[in-house]
Amino acid sequence: MTLDRRRFLQSSLATAGWWLCTPSLARASGKAHLIRRSERPMNYESVRSTFTTRITPVDRFYLRNHFDIPKVDVARWRLNLHGLVEKPLTLSLPDLQRMPQVTVEAVLQCAGNGRGLFRPQVPGVQWQFGAMGNAEWTGVRLQDLLALARPKEDAAFLQYQGAERPTMDTTPQFIRAIPMAKARHADTLVALKMNGKPLLPDRGAPVRLVVPGWVGDDWVRYLSDVEVRADEPKAFYYNPGYRYPLTPGAPGAPIPADQMKPMTKVNVKSVLGSLSDGDRLRPGTHQLVGVAFSGEAGIDRVEMSFDGGKSWTAAALDGPATPYGFRVFRFPWKAEAGSYEIACRATDAAGASQPEVGVWNPGGYLNNGIDRVRVEVRT
Amino acid sequence: MIRDLARLALLLAPALAALAAETAAPAKESAQALVEGQLPDDPARTLVQAKCLLCHSGEYVTMQRLTEKQWQATVEKMRKFGSPASDEEAKAMVAYLARYWTPDLPPLRPVLSPPPPGSAPRK
């Protein structure tokens with residue numbers, strides 16, 4: 001018993017040491033570029049060091065699933081567009097490949113990115129900072145498909161679903177919806193490719209919806225059924241699921257259902273990629289690098305603070321600016337010996353800036369509180 | 001008399017400390033095991049495995065840090081989703097979940113992983 005406890009204490013100390021040295025898993029080890037949050041369904045977030053480039057490589061991109069990945073037989077797969085339309089469509093992958101293709105660069109971010117940082121805690125996948133990535137998406141404009149189907153005058157919502165299904169019939173299916181105005185936007189795509197390559201099975205093959213600037217839950221994968229409707233959908237993952245308060249409440253306090261609305265745009269955010277909590281550096285100049293983005297607005301500036309937010313200095317931004325993509329920021333930091341809390345704060349072209357702490361809400365969504373990393377500089 | 005009591009206390013101190021350590025040890029060990037993602041041995045563990053892990057892996061439980069009220073709401077939501085737990089079983093599961101995965105428990109130790117096969121290009 002005593003020996004067991006000693007062994008336990010030794011292993012605990014070793015674990016504690018590991019924890020202190022790499023508390024937020026700054027860097028990948030070999031090909032291990034992701035942090036596993038759950039094995040089934042597969043939920044993985046990116047390590048911090050991913051966020052130093054404009055485009056996120058596919059193998060470093062986060063994965064978010066409600067259910068198991070469906071096995072889609074692409075030869076038999078069809079996209080059905082029906083409902084309030086003059087001409088319902090049934091399209092195969094070759095049908096879509098024959099249509100005009102466009103490419104849009106856009107950030108895909110899980111609405112729950114940062115949920116694990118909220119206090120008090122809320123249930124759900126405990127994402128920290130890595131449930132986001134930026135890719136070039138190529139496919140057919142949804143407006144082109146809608147033009148073929150010709151929606152009727154009272155069309156107001158597009159409700160849609162992919163091929164994935166829950167394990168139990170009693171679990172709600174993953175059905176989402178967007179208003180027709182966003183469906184008809186020139187940048188909303190039925191995407192066939194991610195970063196120039198056909199979508200991989202876990203990334204939504206054969207096609208996924210791309211809703212630039214809007215929360216990731218709208219970007220349904222293995223898209224197979226699209227219905228044009230006049231009324232607002234009532235499917236669980238649209239209502240009451242994925243809702244955000246009209247007005248923020250006190251942290252931890254419940255909010256009445258009629259005070260919750262569907263999320264649309266993601267908010268302005270920045271993440272430092274080149275350093276992580278617990279890093280130890282030598283004095284000298286270090287190039288700090290990270291990424292910033294904001295819904296549909298584009299980034300205006302990113303500022304850095306090294307004194308707990310008392311003073312802020314502008315970082316340099318890589319160009320070109322894009323409305324929906326990552327903007328890489330850089331800051332040559334002349335580090336002297338000491339302990340530092342490094343913070344980055346982005347402001348978008350519409351003037352919105354990151355708050356000190358994200359707005360608490362019952363679903364743990366849209367946490368864009370200022371990112372902070374604590375490091376030591378020693379000779 | 002007081003001196004005798006003090007002497008007795010001194011004599012008993014190591015034994016009392018050992019007893020305190022024995023009593024405290026299981027909780028400490030459990031906290032470590034919880035951070036590592038284990039489901040502590042308990043009659044309700046079998047229930048959680050049978051009623052929750054049908055649709056998802058254990059991390060969906062072990063990564064949460066919730067109050068009893070939140071666990072209650074979560075179990076009720078999962079029963080609506082199809083978890084085949086009776087009222088009595090749900091009560092036992094809530095007690096188990098709320099006993100271990102509390103708001104003050106440190107976060108689940110994250111695990112670094114390569115991308116799953118279907119999510120990354122084959123090299």
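Predicted model: local features only at pLDDT ≥ 70, side-chain atom pairs only at ≥ 80, totals over all residues.
View 1. Strands (E, at least two residues) and helices (H or I, at least four) are DSSP runs numbered from the N terminus, and two strands pair if DSSP finds at least two bridges between them. B:S113 in β1(B) is the bridge partner of A:L34. Residues are numbered from 1 along each chain as its sequence is written, and chains are lettered from A and ligands numbered from 1 in the order in which they are written. Local features need pLDDT of at least 70 and side-chain atom pairs count only at pLDDT 80 or more, whereas totals for chains, interfaces and linings use all residues.

**View 2. The interface of chains A and B.** Contact (C-beta atoms, placed from the backbone, within 7 Å) links 36 residues of chain A with 30 residues of chain B.

**View 3. The largest nonpolar core.** A nonpolar core is a set of buried Ala, Val, Leu, Ile, Met, Phe, Trp, Tyr and Cys residues joined through C-beta atoms within 7 Å. A residue is buried if 20 or more other C-beta atoms, placed from the backbone, lie within 10 Å of its own, exposed if 12 or fewer, and partly exposed in between. Among the 89 residues of the largest core, A:V190 and A:V210 touch the most other members. Strand β9 (residues 189–194) of chain A gives the most to this core, 5 residues. Beyond four places in sequence, the contacts of A:V210 include A:V104, A:W137 and A:W219.

**View 4. The loop around A:L84.** A:L84 is found between β3 (79–83) and β4 (89–91) of chain A. A:L84 counts as partly exposed because it has 18 C-beta neighbours inside 10 Å. Its C-alpha atom is separated by 7.5 Å from that of A:A230, 146 residues apart along the chain. Leaving aside neighbours within four places in sequence, A:L84 is in contact with residues including A:P151, A:D154 and A:R229.

Conventions: Contact = placed C-beta atoms within 7 Å.
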